[in-house]
Each structure stands twice: as structure tokens, then as C-alpha cells.
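Please open the structure in a viewer and keep the selection tool at hand.

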Amino acid sequence: MSDMLSELKDLGVNVEEGMKRLMNNEALYVKMLGKFLDAVGNSNVMACFESGDLDAAVSKAHNLKGVTGNLSITPLYKGYTDVVALLRAEKPDEARQVLEDLLPVQEKIVECIKK
Amino acid sequence: MKDKLLIVDDMEINRVILAEGFKDHYEILEAEDGYQAVDILGSVTGIAAVLLDLIMPKMDGLEVLRRMNKDGSIVHTPVFIITAADSEELLLQAFNLGAVDVVSKPFMMEFLKCRVGNVVELYRHRNDLEQIVNEQVERLSNLNKSMVETLATLIEFRDCESGEHVKRICGLTGVLMTKVSEMYPEYRLPKAEIDKIVTSSVLHDVGKISIPDSILNKPGRLTKEEYEIMKLHTIKGCEILTQIPNVMDEATYNYSYDICRHHHERYDGKGYPDGLVGDEISIWAQVVSVADVYDALTSPRVYKKAFDHETAVKMIYNGECGTFNPKVLEAFTACIDQYREQIKR
């Protein structure tokens, strides 16, 4: 297993589970992690909070929830699950708080994949 | 040839993951949103299953399901909802729209493959069975029709005619009934019913089998007494039909019975055997009456020569063969040329 993947494991990503979902195709898993970076780039949930567009926030958080779930990026999956649930429960302030706590974790994972 | 699997998700990562899991067993088709999915479903055949995301831009998964309900494809194509959505209401809506199963992201690929495989197998089996049943129903219905036609042809032979009269009556009944149904909303009937009426018209003279040869084939005018006996063919026909109800399905039987009994009724109540007036006579019996009279006039009989078309039409309009429903006559005028073209061929 590559250094990147062991590092991701240390960050809480369930690499084995994610690869299993891709029929243990490690190369494809790494490629999909690259796609995940694009998805993060295209789904700036915080910007939606700042512009007050909560509909966009929930739809982008929902997308990231699905993708992180499928790639077993577990800490982010849990975080976005909470963000989506809180937004649907019309608790935007709490949702934003969860997101603020989540972003540093996401940053570390993104950095690790970028390397 | 591999079955096709349609994967619908706006996120490429999710599509790639699903494609990777299923590509060995299926030809994979991908759609990024509901519009593409509907497009593919409408243009590609042999799609064994659909893996459908619910929340997508442009057109969402529920709308795809609604479209599939509308065009009926949901009946033969299993749809799996693959979603990160956690709203129970949304999932319930998907189930109510005919989704076979809901799988949450993240899913276990091996389980998902088993679930999809099982359902595809089940649907294949069901679709096959449905086709077999349809083929058998069609075979039976053809057999049925030919039995009825055989019966009618036998009777016609006794009447010193070929089976042609029966075939012409069927043809004209079909054309005229269709025209009446098109022209008058109060007489509108679905095509399937008209087809049954056409089949039923075959047996309108079945009762003639009970009429003695001396009357049936008498080369001159019938005496009053003979005519009274001849008129009995309507009632006798019904008696025969009650003995053989299982030769046809219930609807065809009911039409046959009614046509047999009432194809000599007249709109002004001067027909027989029941002297029904106006729309007391069913529209199909009225239609067969006109068809029967036209064909009788334009065919040679032992007691008369054939009249030409123009004379026959004039005689019908002048009421020389009894009074008919003006609306049926109107439709008759509108379609008789089409019918004549048809028999020329």
C-alpha cells in the first residue's frame, strides 16, 4: 500500500473498505481520490453559508456526503451527514458549526491526497 | 450479449464505483442527470436494471420514476435507488413510484451485486413468462375465431352459398362499426370491442341451420307461413348459442347472442322477433342489420338476381328494406366507398 494510503488511514479514512467497493482496484481508488479533490473544489459548502444560499449548501453537502461515503473517507462522511441532517432540520447555525470543525480535517485529507 | 445496466448519478465518482462493480456482468450505460436517463431509457432496448440516484440537478430521480410510470417501462425494468438521502419521506415516495429497492451510500458492493443480480433474474423470468402467456392467449384467440368461422361457414354452405357472405358481413361490420364509433360519441367503442363485434357478426345467421331446406332454398317468394318460420332463425340461433357458450369468451358470446337475435329488428319497431324500437336495439345489431341487408341486396340469391351498388344503396335509403337509424345510414354513406375499395383488392 502506498504511503499516501497509509497516511490517509492514519487520518481515519477506511482505505480497505473503500478499495473493496472498487473491487480492490487500488489504482482506480487512487484515481477516484483525485476526482474527490475536484468534487471538493466544486462544492464549497462554506461559501454557500456565507452567501446565505442554504438550498445550495444542502445539495452540495449531500453530494460530498455520498462521495465520501462511497470512498470511505469516514470522518468527512460523518461530518457531512451531520451537516445535511442539521440543514434539513432547519438548524443552519449548528450545521455551520459542524462544518467549521470539519474543514480542518478535510484540509488535511486534501493535502495528503494532493501530495 | 450482455444485459445493459443504466447508472444514473450526477457525481462521476459514484458512477465509476458502480460501473467498476458491475462491468464484468453488464454493458454499462451512464447518465449524469434525469434527462439523460430518460433519453437513454427511451432509445435503448435491453436495459436489465437501473441504478438511480435521487437528488440530481436538472431532473431528479423521482421525476425519472414518474416518467417510467407514465410510459410503463417501470413494469419491466427494475429500478434500484442508490442514494445518500436520509429523508424517509423521499424514500417512501420512491417506493410508491415503483422502485424495487433502496440502497444507501455508502453501500457494500458485494451485497449490492447480489441484490441487483437476484432481482434482474426474477424480472427476466417474469418477462419471459408474460411473453409466453401472451403468445398462448393469442393462439387461443385465433383458434377460437377460426372455430366460430368454421361453424358459420358450415351454415352458409347449407344456405347454398359459399362462406363469402360471412366474410363480407365481417368486413362491412368492421368498417361501418368503426365509422359509427368515430362519428358519434354516444356510440363510441374501443377498437378491442369492435374487433369482438366483428367476430360475433359471423354467427348472425347460425339459426338458419334449423330452417327446412324447402324454405331456406325456395327459389320463389315465401308464403306468409313460410316467412314466419324463416323469421324463427333469429330465436333458434340464440338457442343454439346457449348450447355452445364455451366456444367464445363471455363478451363475444354476449355480442353474438344479441346480434343473432336482433339483426332483423328495425329502427321504427317493425322488425322481428322482439319489435324493439330505436336505440333499444344495440348499435352493433343495427350495424350488422345494415351490413346484412346491403350484402343480401348486392348478392344473387335463389329467388333474385344481384342488384348493383347504386340500386342497393337507393333501396336502403328509400326504406325498402325497413327503416334504419339515420346516424348509421350517415356513417354507411361515409364509409361504403372505402369498403368497396377493400373488397376489390
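Buried area is the accessible area, taken with a 1.4 Å probe, that two parts lose on being put together, summed over both. The model is predicted. Select chain A and chain B together: between them they bury about 2,000 Å², with 64% of it on carbon and sulfur atoms. In this interface, 21 residues of chain B are in contact with 22 residues of chain A.

Next, select Glu12(B) and Lys35(A). Their side chains form a salt bridge, with 3.1 Å from N to O. The count between chain B and chain A is 1 salt bridge.

Now turn to chain B and select helix H2 (residues 34-43) and helix H3 (residues 61-71). Their axes lie 9 Å apart, at an angle of about 25 degrees. H2(B) is therefore roughly parallel to H3(B). On the H2(B) side, the contact is made by Gly34(B), Ala37(B), Val38(B) and Leu41(B), and on the H3(B) side by Val64(B), Arg67(B) and Met68(B). By class, these residues are 5 nonpolar, 1 polar and 1 charged.

Finally, select helix H6 (residues 164-183) and helix H12 (residues 283-298), both of chain B. Their axes come within 9 Å and cross at roughly 130 degrees, so H6(B) and H12(B) are oblique to each other. The crossing is right-handed. Among the residues in contact are Leu172(B) and Leu176(B) of H6(B), with Trp284(B) and Tyr294(B) of H12(B). The contact of H6(B) with H12(B) comprises 12 nonpolar, 2 polar and 3 charged residues.

Terms used: Residues are numbered from 1 along each chain as its sequence is written. Chains are lettered from A and ligands numbered from 1 in the order in which they are written. This is a predicted model: local features need pLDDT of at least 70, side-chain atom pairs count only at pLDDT 80 or more; totals for chains, interfaces and linings use all residues. Side-chain values use heavy atoms; hydrogens and water are left out. Axes are lines fitted to C-alpha atoms, for helices over the stretch in contact, and angles run from 0 to 180 degrees between N-to-C directions. Helices (H or I, at least four residues) and strands (E, at least two) are DSSP runs, numbered from the N terminus. Angles under 35 degrees count as roughly parallel, over 145 as roughly antiparallel, 65 to 115 as roughly perpendicular and the rest as oblique. A crossing is left-handed if the near helix is turned anticlockwise from the far one by less than a right angle, and right-handed if clockwise. Contact means heavy atoms within 4.5 Å. Ala, Val, Leu, Ile, Met, Phe, Trp, Tyr, Cys and Pro count as nonpolar, Asp, Glu, Lys and Arg as charged, and the others, Gly among them, as polar. A salt bridge is a side-chain nitrogen of Lys or Arg within 4 Å of a carboxyl oxygen of Asp or Glu.
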